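Here are my notes on the model you sent over.

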Amino acid sequence: MREVFDLQTFLATEVEAVDAALNRALTRAEGRLSGAVLAAIEHGVRSGGKRLRPILCAQAYRAAGGPAPSNDDVYDLGVALEMIHAYSLMHDDLPCMDDADLRRGNATTHRVHGVPDTVLGGVALIPLAALQAMEASRRLGCSESLSREVTRCLLGAAGAGGMVGGQGLDLLGEDQRLASSELDELHAHKTGALLTAALVMGALAAGATPPVLAALDTYGRRIGLAFQIADDVLDATASTEALGKRPSDADLGKSTYVSLHGLDEARARGQVQIDQALAALDGVGLDAPPLRALARYVVERRN
Ligand code: GRG
């Protein structure tokens, strides 16, 4: 029988490790950036958040049996993903995108620091994230070529074939009723690609075997879709205060899993994805209690 996993304690410890790694990364960046741009970055990066992508990266690394010369380096790798994620939220909230005023319970970055510094700060985070992935993977003991592969995985997931491409589909889909398969395609790119990269980067840096790498890739894709379905369910059921963000996709006239399928069917579809994510771990005999608990958390979370 599997042990009971204390998710709350686990998450609190992990968030602390991620935040410490973010502090190290921003301290390194300080010398290269001017005050106002740095202030926008600090706002975008430090304003809370679940830190799910670095946590998944660190846990994939551990599940895949990566050696850990230093615990810090594992989280230093993961924060490269958080830097890309933070920039995407800063830009997604801009007036030319969702024109959002509330994120993580706080005023959005451009509302506090203005549009120019938010745009610059967001763009600055992209090369900073790439350098972060390169340097942290080297410190983890990756060869030059493996470190390049880890970094390529991050940038591929962040770019036109991943998150930015998904954002493009999102803009095209505004005020239209998308087919279910189109919504899957959009979110596999916009949300799923970076979440999947978190798993694959951790596994690559750990020197995972091909079957373990493939299983973690599948787990990432499945929880990526489930994550977005859960987001749509939360948007339809939770208050703005609980979610800490405004506006929702539904407010913006976008298709959502709830608008297409209704609440019950959307929840059921999310659960199917989680079952498949866990089956992928079973398929290669990965016990990985943290990854199993994180998969369930993706659909059970409150924000
Ligand atoms: C160049 C303008 C411009 C755009 C670049 C902005 C952009 C491309 C892409 C945005 C993609 C995007 C906003 C994806 C968000 C996906 C998502 C589900 C975000 C919420 O993630 P959580 O819940 O957030 O993990 P926390 O707050 O916990 O970190």
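The points below go from the overall fold to the ligand, the salt bridges and a surface patch.

1. Ground rules. This is a predicted model, so local features need pLDDT of at least 70 and side-chain atom pairs count only at pLDDT 80 or more, while totals for chains, interfaces and linings use all residues. Residues are numbered from 1 along each chain as its sequence is written, and side-chain values use heavy atoms, with hydrogens and water left out.

2. Overall build. The chain has 14 helices and two strands (DSSP runs numbered from the N terminus: H or I of at least four residues for helices, E of at least two for strands). Of the 303 residues, 53% count as buried (under 20% relative accessible area; exposed is over 50%, partly exposed in between, with a 1.4 Å probe and protein chains only).

3. The ligand. Among the 19 residues around the ligand, Lys 50, Arg 53, His 85, Arg 104 and Phe 227 come nearest (a heavy atom within 4 Å counts as near). A ligand oxygen sits 2.6 Å from a side-chain N or O atom of Lys 50; for His 85 that distance is 2.7 Å, and for Arg 104 it is 2.7 Å. The protein buries 87% of the 740 Å² that the ligand exposes when taken alone (Shrake-Rupley areas, 1.4 Å probe).

4. The partners are 84 residues apart, with Asp 170 in helix H8 and Lys 254 in the loop between helix H11 and helix H12. Asp 170 counts as buried because its relative accessibility is 4%, and Lys 254 is buried at 7%.

5. Helix H13. Arg 269 and Glu 265 meet in a salt bridge at 2.8 Å. They are four residues apart in helix H13, so about one helical turn separates them. Arg 269 is partly exposed at 30% relative accessibility, and Glu 265 is partly exposed at 37%.

6. Surface patch. Val 115, Val 119 and Val 123 form a nonpolar surface patch with about 190 Å² of accessible area together (patch residues have over 30% relative accessible area and no salt bridge; nonpolar side chains are joined within 5 Å, like charges within 9 Å). Val 119 lies in helix H6 and is partly exposed at 32%.

Technical notes: A salt bridge is a side-chain nitrogen of Lys or Arg within 4 Å of a carboxyl oxygen of Asp or Glu. A polar contact is a pair of N or O atoms within 3.5 Å; within protein, one must be able to donate a hydrogen and the other to accept it, and residues adjacent in sequence count only if both atoms are side-chain atoms.
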